[in-house]
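Here's a quick briefing to read with the model open in your viewer.

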Amino acid sequence: MEVKQGCLYVVGTPIGNLSDISERAVETLKNVDFIAAEDTRVSGILLSRLGLKKKFTSCHAHNIVSKSGEIIKRLKSGDSCAVVTDAGMPCISDPGEFLVRLCGENDIPVYVVPGACALTAALAVSGLDTRRFSFEGFLSVVKKQRTTHLESLKNSPYTLIFYEAPHKLRNTLADLRTFLGDRRIAVCRELTKLYEEVLRGRISDMIALYEEKSPKGEYVLVVASEETDFAESATDLKQASKSALELHHSGMGLSEAAKTVSAQTGLKKSDIYRETAKIIK
């Protein structure tokens, strides 16, 4: 695979299991002129395991402005660069976002090489409503900012996704219950790694659990919205299918009936069609 010169490649890397890296990602890392890494030591280990040797430049939260300027100059001179984070997709709650924005301002092409992403992996196994969600990243450790952030989420209609470090997990769970109530939650730990674990229940259940055990590893917390809780969504779908069935019995085609009810409820047409078809059978 040949990479284009004077371009930035946003390359996803594994979040744990090395087998999750794609052939395209490996080829891109192999063929670019240099790699901008959040932590060159971590990325160096990855490349070593892949049998690759490549020049690195460090690009993290504390030097992103100055480093981005240097990288832009190299890209304008014709070099190609891959930006990576320690694990997963770079530029998502990550300093690389600034570099991509700067490339856009300088008319430098940016290509994405998709890879593993902890937030979508956690959402997929959470068992909660996946139709609409909001990624909230890491909560601030500054009390005022943290409070303002959580207050803003009280009436959010979306499933909420947070990242959290082990030493802050207990406090975060307590704050989630205080500001959001005792909602359904999936606590996802060490996804794709040896000690992967997904725990489901109420926030109070997780608080009690982690009073007995010490948090270890990296966490993704998926919190249900009271308005779009899975149980309520299932009830809404049943009611929607009944409405579609009534329209169908009045002479409307099933597909059209599902489309009509979808527009009224916001539920997926395909879901309504499938549920209504079950009733007809």
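Predicted model: local features only at pLDDT ≥ 70, side-chain atom pairs only at ≥ 80, totals over all residues.

- Zooming out to the strands, β7 (residues 159–164) and β10 (residues 219–223) pair antiparallel, over five bridges.
- Strands of a sheet pair through backbone hydrogen bonds, in either a parallel or an antiparallel way.
- The whole sheet is open and has five strands in the order β6-β7-β10-β8-β9, with mixed pairing.
- At its edges sit β6 (133–138) and β9, each of which pairs on one side only.
- Ignoring direction, neighbouring strands of this sheet are turned against each other by 15 degrees on average.
- Helix α7 (residues 169–180) packs on the sheet and touches β7, β8 and β10. The direction of α7 makes about 10 degrees with that of β10.

**Nonpolar cores**

- In soluble globular proteins, nonpolar side chains tend to be buried together.
- Here the largest nonpolar core counts 33 residues, and Ile 71, Val 220 and Val 222 are the ones with the most contacts inside it.
- Apart from that core lies another one, of 20 residues, including Leu 150, Phe 179, Leu 180 and Ile 185.
- What does Val 222 touch, leaving out residues up to four places away in sequence? Among its contacts are Ala 122, Leu 123, Leu 128, Leu 160, Ile 161, Ile 185 and Ala 186, and the list also includes Ser 126, Thr 159 and Arg 184.

**Helix α1 and its cover**

- In helix α1 (residues 23–31), the buried residues are Ala 25, Thr 28 and Leu 29.
- Why do they end up on the same side of α1? Because they cover an arc of only 95 degrees around the axis.

**Two positive phi values in a loop**

- Most residues other than glycine have a negative phi.
- Glu 190 is not a glycine, yet its phi is positive, at about 55 degrees. You'll find Glu 190 in the loop between β8 (184–189) and β9 (197–202).
- Thr 192, also in the loop between β8 and β9, has a positive phi near 70 degrees.
- Buried or partly exposed? Glu 190 is buried, with a relative accessible area of 17%, while Thr 192 counts as partly exposed at 24%. The cut-off for buried is under 20%.

Definitions and conventions:
Residues numbered from 1 in each chain as written. Heavy atoms only, no water. Buried < 20%, exposed > 50% of the residue type's maximum accessible area, 1.4 Å probe, protein only. Helix = DSSP H or I, 4+ residues; strand = E, 2+ residues; numbered from the N terminus. Arc of directions from axis to C-beta. Core = buried A, V, L, I, M, F, W, Y, C linked by side-chain atoms within 4.5 Å. Contact = heavy atoms within 4.5 Å. Pairing = 2+ DSSP bridges. Axes fitted to C-alpha atoms, helices over the stretch in contact; angles between N-to-C directions.
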